[in-house]
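This report looks at one helix pair, then at the chain as a whole. Start with the structure below.

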Amino acid sequence: MAQNGKEHQLGDFIKGRLQFIQDYCENNGLNLETSFADIQKEAVRLAGDPERQEYLEKRLFSGSILSSSFLPDWVDKVFLEAMTKVLKGMHAKLYTSTSEESCIPFEAGRFNARRQAETVFKLLYQGKRPEVWMKTTFPVLYLKCYGDDAAKHLKVEETGPGHFRVTTDNRDLEKASPMDCSTVIGYLFGSLEMLGAERPLVTHDICGIKPGSPSGVCVFEVSWK
Ligand SMILES: [Zn+2]
């Protein structure tokens with residue numbers, strides 16, 4: 001029996017990652033074919049056991065992912081890590097704690113937000129003010145991506161004009177990692193850009209996923225002018 005763990009509606013997010021790889025290679029003079037082959041190899045290595053390796057080869061790399069596809073969390077996790085390492089070199093910085101300091105997972109999240117705001121989730125962005133989007137749309141997208149259990153712990157608080165605090169607790173989630181948190185920073189940042197927020201800033205100083213973290217929860221401070 002396949003040990004695939006929890007699945008969420010990650011299809012469109014994974015499709016976005018594939019497009020991000022293409023976009024990143026084009027803009028940074030990398031060869032797409034060899035980069036993608038290296039990412040596949042690294043993802044298979046990170047997946048570890050043969051069943052998961054087979055899943056990656058048959059499902060993820062065969063091009064049969066639809067926007068509506070449900071995929072196991074671990075697929076998102078290994079793919080993100082493999083992509084980060086290959087695109088920036090094996091010693092790349094894997095994560096960030098602020099939108100002022102970019103890294104591959106941050107850019108991947110930002111790319112997906114910008115892309116989804118113009119395509120699949122257009123109606124969830126169109127004509128919305130940033131504060132309305134934070135209160136109404138972000139929780140919907142979070143639920144899609146992280147599922148009911150994690151969404152139960154999501155808190156979105158308006159702490160002042162143009163200032164929100166987002167608190168999450170996804171410790172029970174297999175894909176939770178500081179890299180995944182960086183995609184959240186990127187997704188929030190990219191969304192605010194699309195919503196016309198001026199000088200958006202997303203910082204993530206309290207991260208419950210970082211090794212040795214005592215708090216267990218992740219706090220994202222979101223602001224704009
Ligand atoms: Zn975190």
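The model is predicted. In it, helix 4 and helix 5 cross in a right-handed sense. On the helix 4 side, the contact is formed by L80, M83, T84, L87 and K88. Helix 5 contributes I104, P105 and A108. By class, the residues of this contact are six nonpolar, one polar and one charged.

Helix 4 spans residues 73–88 and helix 5 spans residues 104–118. Their axes approach within 9 Å, and the crossing angle is roughly 115°. Angles from 65 to 115 degrees count as roughly perpendicular, so helix 4 is roughly perpendicular to helix 5.

## Secondary structure

The protein chain holds eight helices and six strands. Their order along the sequence is β-α-α-α-β-α-α-α-α-β-β-α-β-β.

## Overall dimensions

How does the radius of gyration of the protein chain relate to the globule rule? The protein chain has a radius of gyration of 17 Å, close to the 17 Å given by the rule for 225 residues. It is therefore as compact as a globular protein of that length. Along the principal axes, the C-alpha atoms of the protein chain fill a box of roughly 50 × 35 × 35 Å.

## Burial and contacts

Of the 225 residues in the protein chain, 40% are buried. Contacts can also be sorted by sequence separation. Take those between residues at least 6 apart in sequence: 69% of them join residues at least 24 apart.

How values were computed: Residues are numbered from 1 along each chain as its sequence is written. This is a predicted model: local features need pLDDT of at least 70, side-chain atom pairs count only at pLDDT 80 or more; totals for chains, interfaces and linings use all residues. Axes are lines fitted to C-alpha atoms, for helices over the stretch in contact, and angles run from 0 to 180 degrees between N-to-C directions. Helices (H or I, at least four residues) and strands (E, at least two) are DSSP runs, numbered from the N terminus. Angles under 35 degrees count as roughly parallel, over 145 as roughly antiparallel, 65 to 115 as roughly perpendicular and the rest as oblique. A crossing is left-handed if the near helix is turned anticlockwise from the far one by less than a right angle, and right-handed if clockwise. Two residues are in contact if their C-beta atoms, placed from the backbone, lie within 7 Å. Ala, Val, Leu, Ile, Met, Phe, Trp, Tyr, Cys and Pro count as nonpolar, Asp, Glu, Lys and Arg as charged, and the others, Gly among them, as polar. The radius of gyration is taken over C-alpha atoms; the globule rule is 2.2 Å times the number of residues to the power 0.38. A residue is buried if 20 or more other C-beta atoms lie within 10 Å of its own, exposed if 12 or fewer, and partly exposed in between; C-beta atoms are placed from the backbone.
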